[in-house]
Amino acid sequence: MNMAAKTVIIESKDYVFNTLKEAQKYYDTIVKELFEANLTLTTGQDFEDLKWIYRTYCGYTKHNLDKLGKYDIIGVKSIRTIREKGGQYVPTECCAIIFSDCSEAEFYTDKAIKEIALKQNPR
(Lines give C-alpha, C1' and ligand atoms only; values in the text may rest on other atoms or scores of the structure.)
Protein backbone atom coordinates (compact mmCIF):
# COMPACT_ATOMS: atom_id res chain seq x y z
CA MET A 1 0.00 0.00 0.00
CA ASN A 2 1.40 3.39 -0.95
CA MET A 3 1.04 5.75 1.99
CA ALA A 4 2.64 8.64 0.09
CA ALA A 5 -0.46 9.04 -2.06
CA LYS A 6 -2.68 9.94 0.88
CA THR A 7 -3.73 13.54 1.27
CA VAL A 8 -5.05 14.58 4.67
CA ILE A 9 -7.86 17.05 5.11
CA ILE A 10 -8.11 18.68 8.53
CA GLU A 11 -11.62 20.06 8.20
CA SER A 12 -11.17 22.83 10.77
CA LYS A 13 -8.33 24.22 8.66
CA ASP A 14 -8.51 25.72 5.20
CA TYR A 15 -5.62 23.60 3.98
CA VAL A 16 -5.01 20.13 2.56
CA PHE A 17 -1.80 18.34 3.53
CA ASN A 18 -0.30 16.57 0.52
CA THR A 19 0.91 13.59 2.52
CA LEU A 20 0.27 11.88 5.81
CA LYS A 21 3.87 12.60 6.89
CA GLU A 22 3.45 16.33 6.22
CA ALA A 23 0.33 16.50 8.39
CA GLN A 24 1.94 14.45 11.17
CA LYS A 25 5.06 16.61 11.17
CA TYR A 26 3.05 19.84 11.28
CA TYR A 27 1.08 18.87 14.38
CA ASP A 28 4.03 17.13 16.00
CA THR A 29 5.87 20.47 15.88
CA ILE A 30 2.92 22.25 17.51
CA VAL A 31 2.76 19.64 20.30
CA LYS A 32 6.52 20.00 20.95
CA GLU A 33 6.25 23.81 21.01
CA LEU A 34 3.34 23.68 23.45
CA PHE A 35 5.37 21.45 25.73
CA GLU A 36 8.46 23.64 25.60
CA ALA A 37 6.47 26.82 26.22
CA ASN A 38 4.30 25.10 28.86
CA LEU A 39 1.22 26.53 27.14
CA THR A 40 -2.40 25.49 27.22
CA LEU A 41 -4.38 26.44 24.12
CA THR A 42 -7.94 27.61 24.68
CA THR A 43 -8.53 29.55 21.45
CA GLY A 44 -7.10 29.93 17.98
CA GLN A 45 -6.56 27.84 14.87
CA ASP A 46 -4.24 25.25 16.43
CA PHE A 47 -6.75 24.72 19.25
CA GLU A 48 -9.58 24.24 16.72
CA ASP A 49 -7.44 21.85 14.66
CA LEU A 50 -6.33 19.69 17.58
CA LYS A 51 -9.89 19.58 18.92
CA TRP A 52 -11.18 18.51 15.50
CA ILE A 53 -8.44 15.86 15.14
CA TYR A 54 -9.27 14.44 18.58
CA ARG A 55 -13.06 14.43 18.03
CA THR A 56 -12.72 12.87 14.57
CA TYR A 57 -10.27 10.24 15.80
CA CYS A 58 -12.58 9.35 18.69
CA GLY A 59 -15.51 9.16 16.30
CA TYR A 60 -13.65 6.67 14.11
CA THR A 61 -12.30 4.55 16.95
CA LYS A 62 -15.36 4.86 19.24
CA HIS A 63 -12.98 6.10 21.94
CA ASN A 64 -14.16 8.36 24.79
CA LEU A 65 -17.50 9.11 23.11
CA ASP A 66 -19.44 9.24 26.41
CA LYS A 67 -17.05 11.94 27.61
CA LEU A 68 -17.27 13.92 24.37
CA GLY A 69 -21.05 13.74 24.54
CA LYS A 70 -21.14 15.13 28.06
CA TYR A 71 -18.34 17.68 28.30
CA ASP A 72 -16.87 20.46 26.20
CA ILE A 73 -13.21 20.54 25.29
CA ILE A 74 -11.89 23.67 26.99
CA GLY A 75 -8.15 23.33 26.44
CA VAL A 76 -5.32 21.48 24.77
CA LYS A 77 -1.85 21.15 26.22
CA SER A 78 1.19 18.97 25.75
CA ILE A 79 2.56 16.54 28.31
CA ARG A 80 5.56 14.25 28.43
CA THR A 81 4.88 10.53 28.38
CA ILE A 82 6.86 7.39 27.76
CA ARG A 83 6.13 5.74 24.44
CA GLU A 84 7.23 2.38 23.15
CA LYS A 85 9.04 2.68 19.81
CA GLY A 86 10.53 -0.41 18.26
CA GLY A 87 11.15 -2.12 21.59
CA GLN A 88 12.60 1.03 23.15
CA TYR A 89 10.82 3.19 25.69
CA VAL A 90 11.38 6.82 24.82
CA PRO A 91 10.15 10.01 26.48
CA THR A 92 7.98 11.91 24.06
CA GLU A 93 5.41 14.69 24.02
CA CYS A 94 1.76 14.00 23.48
CA CYS A 95 -1.42 16.01 23.44
CA ALA A 96 -3.70 16.25 26.42
CA ILE A 97 -7.28 17.30 25.84
CA ILE A 98 -8.81 19.14 28.81
CA PHE A 99 -12.54 18.68 29.35
CA SER A 100 -14.90 21.06 31.11
CA ASP A 101 -15.03 18.71 34.12
CA CYS A 102 -11.23 19.32 34.38
CA SER A 103 -10.37 15.74 33.46
CA GLU A 104 -7.80 15.08 30.75
CA ALA A 105 -7.36 12.61 27.92
CA GLU A 106 -4.04 11.92 26.22
CA PHE A 107 -3.65 11.28 22.54
CA TYR A 108 -0.91 11.07 19.95
CA THR A 109 -1.51 13.37 17.00
CA ASP A 110 0.49 11.16 14.60
CA LYS A 111 -1.62 8.10 15.42
CA ALA A 112 -4.88 10.07 15.22
CA ILE A 113 -3.94 11.69 11.89
CA LYS A 114 -2.97 8.30 10.44
CA GLU A 115 -6.39 6.95 11.41
CA ILE A 116 -8.10 9.96 9.81
CA ALA A 117 -6.01 9.60 6.62
CA LEU A 118 -6.95 5.93 6.33
CA LYS A 119 -10.64 6.78 6.66
CA GLN A 120 -10.40 9.66 4.16
CA ASN A 121 -8.58 7.49 1.62
CA PRO A 122 -10.32 4.11 1.65
CA ARG A 123 -8.73 1.56 -0.62
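**Ground rules.** I worked with a predicted model, where local features need pLDDT of at least 70, side-chain atom pairs count only at pLDDT 80 or more, and totals for chains, interfaces and linings use all residues. Residues are numbered from 1 along each chain as its sequence is written, and side-chain values use heavy atoms, with hydrogens and water left out.

**Fold.** I found four helices and six strands in the chain, taken as DSSP runs (helices H or I, at least four residues; strands E, at least two) numbered from the N terminus. From the N terminus on, I read the order β-β-α-β-α-α-β-β-β-α.

**Dimensions.** I looked up the C-alpha trace, which spans about 40 × 35 × 25 Å along its principal axes.

Of the contacts (heavy atoms within 4.5 Å) with a separation of 6 or more, 55% join residues 24 or more positions apart.

**Helix H4.** I checked residues 109-120: these twelve residues reach 16 Å from first C-alpha to last, close to the 16 Å expected at 1.5 Å a residue, the expected span being 1.5 Å times one less than the number of residues. Which residues of H4 are buried? They are Thr-109, Ala-112, Ile-113, Ile-116 and Ala-117. They cover an arc of only 135° around the axis, so they sit on the same side of H4; the arc is that of the directions from the helix axis to the C-beta atoms. Their cover includes strand S1 (8-9), helix H1 (20-37) and strand S5 (88-99).

Note on methods: Buried means under 20% relative accessible area, exposed over 50%, partly exposed in between (1.4 Å probe, protein chains only).
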